[in-house]
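Here are my notes on this model, as numbered points. Please read them with the structure open.

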Amino acid sequence: MIAIIIALLLNAIVLFFAAYIIPGVRLYSFWNAVAVAVLIGILHALIHHSMMWMALPPSFFIYFLCTFIMGSIFIYLLSLCLPGFEVDGWKWIFIFSFIAALFNALIHHFIHA
């Protein structure tokens with residue numbers, strides 16, 4: 001349970017700083033970053049098994065591509081529904097999703113190592 005909370009807070013920090021660096025993404029407070037991290041985590045948890053099925057035969061590239069595309073769609077949907085989180089276009093969504101996926105993989109690796 002503590003590992004989940006630590007991963008959630010680290011993901012929120014990464015999302016907050018990524019939004020600060022990327023000009024087309026705006027998070028208006030750290031709590032918005034926490035909300036985005038929680039909702040992306042929930043959506044990934046709900047869809048993880050179907051993503052594994054789409055990645056058959058198991059290949060790292062196909063799995064990464066499925067995760068990246070699903071993460072981009074989640075970020076787009078959250079930017080439409082969540083006040084305090086805005087993304088200007090698909091280019092910024094893809095860049096934000098790539099940064100989030102990269103650091104999420106690193107966080108997951110170090111917490112569960």
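This is a predicted model: local features need pLDDT of at least 70, side-chain atom pairs count only at pLDDT 80 or more; totals for chains, interfaces and linings use all residues.

Is F94 buried, partly exposed or exposed?

1. F94 has a relative accessibility of 38%.

2. Next, the neighbour on the helix. W90 is partly exposed, with a relative accessible area of 42%. The ring centres of W90 and F94 are 5.7 Å apart, and their planes stand at 40 degrees. The pair is therefore tilted. W90 and F94 both belong to helix α4 and are four residues apart, about one turn of the helix.

3. W90 has another partner. Y76 and W90 form a stacked aromatic pair, with 4.8 Å from centre to centre and 25 degrees between the planes. Y76 sits in helix α3 (residues 60-81) and W90 in helix α4, so this pair ties together parts that are 14 residues apart in sequence. Y76 is partly exposed, at a relative accessible area of 31%.

4. Ring pairs join F68, Y76, W90, F94 and F98 into a cluster. The count of aromatic pairs comes to eight.

5. How do α1 and α4 pack, and at what angle? Helix α1 (residues 2-21) and helix α4 (residues 90-111) pack at about 150 degrees, and their axes are 10 Å apart. Angles over 145 degrees count as roughly antiparallel, so that is the label for α1 and α4. Their crossing is right-handed.

6. Which residues make this contact? On the α1 side they are A3, I6, A7, L10, N11, V14, L15, A18 and A19. On the α4 side they are F96, I99, A100, F103, N104, I107 and I111. By class, the residues of this contact divide into 14 nonpolar, two polar and no charged.

7. N32 is found in helix α2 (residues 30-54). Is N32 buried or exposed? The relative accessibility of N32 is 15%. Buried means under 20%, so N32 counts as buried. Leaving aside residues up to four places away in sequence, N32 touches L27, L82, P83 and G84.

8. To recap for your own check: the α1 and α4 contact has no charged residues, N32 is buried, and W90 pairs with Y76 in a stacked arrangement and with F94 in a tilted one.

Key. Residues are numbered from 1 along each chain as its sequence is written. Side-chain values use heavy atoms; hydrogens and water are left out. Axes are lines fitted to C-alpha atoms, for helices over the stretch in contact, and angles run from 0 to 180 degrees between N-to-C directions. Helices (H or I, at least four residues) and strands (E, at least two) are DSSP runs, numbered from the N terminus. Angles under 35 degrees count as roughly parallel, over 145 as roughly antiparallel, 65 to 115 as roughly perpendicular and the rest as oblique. A crossing is left-handed if the near helix is turned anticlockwise from the far one by less than a right angle, and right-handed if clockwise. Contact means heavy atoms within 4.5 Å. Ala, Val, Leu, Ile, Met, Phe, Trp, Tyr, Cys and Pro count as nonpolar, Asp, Glu, Lys and Arg as charged, and the others, Gly among them, as polar. Buried means under 20% relative accessible area, exposed over 50%, partly exposed in between (1.4 Å probe, protein chains only). Rings of Phe, Tyr and Trp (its six-membered ring) pair if their centres lie within 6.5 Å; planes under 30 degrees apart count as stacked, over 60 as edge-to-face and the rest as tilted.
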